[in-house]
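The following account is meant to be read alongside the sequence and the coordinates. It asks the reader to follow the architecture step by step.

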Amino acid sequence: MLFSDLNLSAKGGELIKIEGPNGSGKTTLLNVIAGLTRRYEGELTISGRTAPNILYLSHALGFSERLNVIDNLRFIAKLRHIDLSGVERAIDRVGLTLVEHQPLKNLSAGQRRRVGLALLALDKAPVILLDEPFTAIDKDGVQLVNTLISERLEQGAMVFITHHQDLMLPHRVLSLSDYQVEVIDE
């Protein structure tokens, strides 16, 4: 067990920064919220639902290395029932127009991260989970991430973010250090 007695209420339009040292369970908590693990006790409801529409951008974005940028985004958009007409606009918005026909395996780490940001610009999920979204992002990319998060908050999305540095946006902090328990190997 990484943490216990964790109780959190959040509302749309709110940014929650999840803090804690490496290994404290930040990504594990995002995985629980996303429904990617059932290894927890207790109850998780979001907007009164046990399986809400969630956009989760983690370290491993889940895109195909062989597909190009535009095909990756079209594929994910189809899976998530997102209107495909905004895909090229999202690609342009995050600065990937010149590489949109390149397979992901040919892109830099920062360009790959921007593919995820294009999905953030495209998807209108009411709950957004961002695991270290500033990793491998340049100065302009940091501003882009902040802008995209701000826009989603204004649209009423609830955003959870893990990030080790200070955030430029108003937010509430959930410190997992307050809920840590000793892990004993049996």
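The model examined here is a predicted one. Its strands form an open sheet of five, in the order S2-S3-S4-S1-S5, with parallel pairing.

Strand S1 may be considered next. Four bridges join S1 to S4, and the two run parallel; within this pairing, Leu 15 stands opposite Val 159 in S4. S1 is also joined to strand S5 (residues 172–175) by four bridges, again in parallel, and here Glu 19 has Ser 175 of S5 as its bridge partner. Is S1 buried or exposed? Of the five residues in S1 (residues 15–19), four are buried, so the strand is largely enclosed by the rest of the structure. As a general point on strand geometry, side chains in a regular strand alternate between the two faces of the sheet.

The largest nonpolar core comprises 40 residues, of which Leu 73 and Ile 149 touch the most other members. At least two residues of this core are supplied by each of strand S2 (54–57), helix H2 (69–79), helix H3 (87–93), helix H4 (109–122), strand S3 (127–131), helix H5 (139–154) and strand S4 (158–162). H4 contributes the largest share of this core, seven residues. When residues up to four places away in sequence are not counted, Leu 73 touches Phe 63, Val 87, Ile 91, Val 115, Ala 118 and Leu 119. Apart from this core lies another, of 13 residues, which includes Leu 29, Ile 33, Ile 54 and Leu 129.

How many salt bridges does a search of the whole structure find? The search finds seven, and three of them are described here, beginning with the one in which the side chains of Glu 65 and Arg 112 meet at 2.7 Å, N to O. Glu 65 lies in the loop between S2 and H2, whereas Arg 112 lies in helix H4, so this pair ties together parts that are 47 residues apart in sequence. Both partners are partly exposed, Glu 65 with a relative accessible area of 34% and Arg 112 with one of 26%.

A further salt bridge is formed by the side chains of Glu 88 and Arg 74, at 3.3 Å, N to O. This pair links distant parts of the chain, with Glu 88 in helix H3 and Arg 74 in helix H2, 14 residues apart. Glu 88 is partly exposed, with a relative accessible area of 43%, and Arg 74 counts as partly exposed at 31% relative accessibility.

Asp 138 is partly exposed, with a relative accessible area of 44%, whereas Arg 114, at 13% relative accessibility, counts as buried.

Conventions: Residues numbered from 1 in each chain as written. Predicted model: local features only at pLDDT ≥ 70, side-chain atom pairs only at ≥ 80, totals over all residues. Heavy atoms only, no water. Core = buried A, V, L, I, M, F, W, Y, C linked by side-chain atoms within 4.5 Å. Buried < 20%, exposed > 50% of the residue type's maximum accessible area, 1.4 Å probe, protein only. Contact = heavy atoms within 4.5 Å. Pairing = 2+ DSSP bridges. Salt bridge = Lys/Arg side-chain N within 4 Å of Asp/Glu carboxyl O.
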